[in-house]
Amino acid sequence: MAEVAEDELKDKELRIPPKVRGWHWWFLVVLNTFFLLSGQSVATLLGRFYYDQGGNSKWMATLVQTVAFPFLIIPLILVNSRFSSSPGAITPSSRRPPSVTTLVPIYFFLGLLIAADNMMYSYGLQFLPVSTYSLICATQLVFNVIFSYFLNSQKFTPFILNSVVLLTFSTALLATNNDDSSDPSGVSKGKYVAGFFCTLGASATYSLILSLMQLTFEKVLKKETFSVVLEMQIYTSIVATSACVIGLFASGDWRTLKGEMDGFGKGRLSYIMTLVWTAVGWQICSVGVVGLIFVVSSLFSNVISTLAMPVVPIFAVIFFHDKMGAVKIMSLLLAIWGFTSYIYQHYLDDSKAKVARAKSNGASDATA
């Protein structure tokens, strides 16, 4: 019994508990936040650039969102070899990994959801200006609050409810006050509406995916090493990429790719580099997303993703000359207000936890 207890203690020391806020925790939060914000901003802007320069294949735009997963195999090998070579890194029998028959259906289902979600985002990005697209994506936080409540036992508070209401109003402003002159690509009213609802549907599906991933971490994987983040991203990306490749060939889109590359506004090399760096950007973003789910929660991951919304429109104005009229500015301010409301709730929760720990430590010292 003593040996088993010692093995369990060593196993805990080798791993980074996601809820313990030591420097390891903060390092992972900052690192994954950087991955998410930088990857999402770069990938979104390059995705808009792809369409503006003559790209038209929605299957290709969807494929690049997951196809770069092989880049994650090297860090996965390094992480696994580090822990397997550490003394005492023995997984207790009570923590045996779930069977393949359990994991395969989960990864397959999540992978298909990701592929469908990426396709809806591709439609939205093609038919909407970047600023409008990014602000509509803010509704993913609203959906995530709902899914987190039912799937992850997330509790509602006045500040979280305030965040939901503000972000809902933010999106409603965009839906009811579209100005055709704000669309740099001359997209028709019908396509604008289609892009709006595709992006809205993608936001809801994205939020569901995040909550299901958190549920998988907590109820199925039950591991605290960062390797589960990379494994989750790699295996779901394999399924999503396979679905996109099948769709690319089944739809006949692959026949148009050569002509698309030849007619690309900035040339063939620019076409290839745009797709490559878009793929890398989305993969970096995805690691940040899944990493924050693992370290904190799906809702926190979505809040950080929402933080990128005010950043992307600024770059869109600079690089794509999107117009930031009064309606978009008001929508942007409401989105920022909603984000700040949630962050304040997170601050209150953290302060209460510190007070509770201080009281607990004081009671322990008094008893001793």
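Visitor: In which helix does Val165 lie?
Guide: The model shown above is a predicted one, and the numbering of residues starts from 1 along the chain. Within this predicted model, the helix in which Val165 lies is α8.

Visitor: Is Val165 buried, partly exposed or exposed?
Guide: The relative accessible area of Val165 is 36%. Because buried means under 20% and exposed means over 50%, a residue with the 36% of Val165 is called partly exposed.

Visitor: About how much accessible area does the nonpolar patch on the surface have together?
Guide: Val165 is one of the residues that form this patch, and its other members are Ile146, Tyr149, Phe150, Leu151, Phe156, Leu161 and Phe169. Taken together, these residues of the nonpolar patch have an accessible area of about 770 Å².

Visitor: Which helix gives the most to the nonpolar patch?
Guide: Two helices, α7 with residues 139-151 and α8 with residues 158-176, each supply at least two residues of the patch. With four residues, the helix that gives the most is α7.

Visitor: How far apart in space are Phe150 and Ser211, C-alpha to C-alpha?
Guide: Phe150 is placed in helix α7, and at 64% relative accessibility this residue counts as exposed, because the cut-off for that word is over 50%. Along the sequence, Phe150 and Ser211 are 61 residues apart. In space, the C-alpha atoms of Phe150 and Ser211 are separated by 9.3 Å.

Visitor: How far apart in space are Leu333 and Ser170, C-alpha to C-alpha?
Guide: Leu333 has its place in helix α15, and with a relative accessible area of 49% it is partly exposed. Although Leu333 and Ser170 are 163 residues apart in sequence, the distance between their C-alpha atoms is 8.2 Å.

Visitor: What distance separates the C-alpha atoms of Phe339 and Phe159?
Guide: Phe339 is found in helix α15, which covers residues 326-367, and at 14% relative accessibility Phe339 counts as buried, because that word is used for values under 20%. Phe339 and Phe159 are 180 residues apart along the chain, and their C-alpha atoms are separated by 9.9 Å.

Visitor: How many salt bridges does the count come to?
Guide: Side chains of opposite charge can pair when their charged atoms come close. For a pair to be counted here, a side-chain nitrogen of Lys or Arg has to be within 4 Å of a carboxyl oxygen of Asp or Glu. By this rule the number of salt bridges comes to three.

Visitor: By about how much of helix α2 are Arg48 and Asp52 separated?
Guide: Arg48 forms a salt bridge with Asp52, and their closest N and O atoms are 3.0 Å apart. Arg48 is buried at a relative accessible area of 5%, whereas Asp52 is partly exposed at 33%. Because the two residues are four residues apart in helix α2, which holds residues 23-52, Arg48 and Asp52 are separated by about one helical turn.

Visitor: Which residues are linked in a network of salt bridges?
Guide: Lys258 forms a salt bridge with Asp262, with the closest N and O atoms 3.2 Å apart, and Arg268 also forms a salt bridge with Asp262, with the closest N and O atoms 2.3 Å apart. Lys258 is exposed at 55% relative accessible area, while Asp262 is partly exposed at 40% and Arg268 is partly exposed at 44%. The residues linked in the network are Lys258, Asp262 and Arg268.

Visitor: Are α5 and α10 parallel, perpendicular or oblique to each other?
Guide: Two packed helices are described by the angle between their axes and the distance between the axes. Helix α5 (residues 100-127) and helix α10 (residues 227-250) have axes 7 Å apart and pack at an angle of about 55°. Their crossing is right-handed. Because angles under 35 degrees count as roughly parallel and 65 to 115 as roughly perpendicular, the word for how α5 and α10 lie to each other is oblique.

Visitor: What is the handedness of the crossing of α9 and α10?
Guide: Helix α9, with residues 189-221, packs with α10 at an angle of about 125°, and their axes are 12 Å apart. This angle makes α9 oblique to α10. The crossing of α9 and α10 is right-handed.

How values were computed: This is a predicted model: local features need pLDDT of at least 70, side-chain atom pairs count only at pLDDT 80 or more; totals for chains, interfaces and linings use all residues. Side-chain values use heavy atoms; hydrogens and water are left out. Patches are made of residues with over 30% relative accessible area and no salt bridge: like charges are joined within 9 Å, nonpolar side chains (Val, Leu, Ile, Met, Phe, Trp, Tyr) within 5 Å. Accessible areas come from the Shrake-Rupley method with a 1.4 Å probe; for residues, only the protein chains shown count as cover. Buried means under 20% relative accessible area, exposed over 50%, partly exposed in between (1.4 Å probe, protein chains only). Axes are lines fitted to C-alpha atoms, for helices over the stretch in contact, and angles run from 0 to 180 degrees between N-to-C directions. Angles under 35 degrees count as roughly parallel, over 145 as roughly antiparallel, 65 to 115 as roughly perpendicular and the rest as oblique. A crossing is left-handed if the near helix is turned anticlockwise from the far one by less than a right angle, and right-handed if clockwise.
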